[in-house]
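Subject: Structure for your review

Dear colleague,

Please find below the structure that I am handing over to you. My findings follow it.

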Amino acid sequence: MSYLTWDASLETGINIIDSQHRQIVDYINRLHSAVSTKDHDLSRGILDEVVNYTLTHFSFEEEMMKVAGYAHYDAHCRVHQAFLTKISDYKIRLHNGEDITKLLLSDLLIWLTNHIKNEDNDYTKCVNIYFHGDDDISWIKRSLVRLFGK
């Protein structure tokens with residue numbers, strides 16, 4: 001049984017973003033399992049994945065907001081940068097032997113619920129209005145290939 005299950009309250013209405021956000025739920029569930037079993041190697045591996053994931057996800061999301069002309073783009077990017085700094089610090093601390101897995105799990109849960117439900121939902125109207133034509137779909141496909149290799 002999963003620790004956390006995706007539900008409609010987390011949806012932005014932008015399918016590609018929701019799909020990417022579901023990955024955070026997977027990380028939370030895997031990290032919870034690692035905490036429960038005290039598997040520090042698994043925790044390190046998940047943290048590495050979280051760092052890589054956030055870099056690519058934030059890049060995609062920021063590019064999408066910028067292209068759409070989202071008014072609060074700069075502020076949103078600053079929030080992303082603060083989260084990346086915190087996660088990078090956790091990575092250093094974990095690799096130095098400190099057990100930060102419970103802190104990371106807590107921060108991921110808070111990020112998932114607060115950031116997605118508030119900051120991310122704030123840009124959805126702007127993005128949905130902008131991305132409605134075939135050319136815009138092509139932009140999304142090109143960005144996905146560039147960032148995620150798919």
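The largest cavity in this predicted model is lined by Ile-24, Tyr-27, Val-50, Tyr-53, Thr-54, Phe-58, Phe-83, Leu-108 and Trp-111. The space inside this cavity is about 50 Å³, and a search of the whole structure finds one cavity of 30 Å³ or more. Eight of the lining residues are nonpolar, one is polar and none is charged. At least two lining residues come from each of α1 (15-37), α2 (40-68) and α4 (101-130); with four residues, α2 gives the most.

Helix α1 deserves a separate paragraph. Its 23 residues, at 1.5 Å a residue, should span 33 Å, and the C-alpha atoms at its ends are 33 Å apart, so the two values agree. Among the buried residues of α1 are Ile-17, His-21, Ile-24, Val-25 and Ile-28. Lys-38, which follows α1, has a positive phi, near 55°.

In soluble globular proteins, nonpolar side chains tend to be buried together. Here, the largest nonpolar core has 27 residues, of which Ile-24, Leu-47, Ile-87, Leu-104, Leu-108 and Leu-112 touch the most other members. Each of α1, α2, α3 (73-95) and α4 supplies at least two residues of this core, and α1 gives the most, with seven. A second, separate core of 10 residues includes Ile-17, Met-64, Met-65 and Val-127.

Finally, which residues does Leu-112 contact, leaving aside its neighbours within four places in sequence? They are Leu-4, Leu-10, His-21, Ile-24, Val-25, Ile-28 and Lys-117.

With kind regards

Key: Residues are numbered from 1 along each chain as its sequence is written. This is a predicted model: local features need pLDDT of at least 70, side-chain atom pairs count only at pLDDT 80 or more; totals for chains, interfaces and linings use all residues. Side-chain values use heavy atoms; hydrogens and water are left out. On a 1 Å grid over the protein atoms alone, a cavity is a set of points where a 1.4 Å probe fits but cannot get out, and a pocket is an open set with protein on both sides within 12 Å along at least five of seven lines; lining residues have an atom within 4 Å of a point. Grid points are joined across faces, edges and corners, and a volume is the space filled by probe spheres set on the points. Ala, Val, Leu, Ile, Met, Phe, Trp, Tyr, Cys and Pro count as nonpolar, Asp, Glu, Lys and Arg as charged, and the others, Gly among them, as polar. The expected span of a helix is 1.5 Å times one less than its number of residues. Buried means under 20% relative accessible area, exposed over 50%, partly exposed in between (1.4 Å probe, protein chains only). A nonpolar core is a set of buried Ala, Val, Leu, Ile, Met, Phe, Trp, Tyr and Cys residues joined through side-chain atoms within 4.5 Å. Contact means heavy atoms within 4.5 Å.
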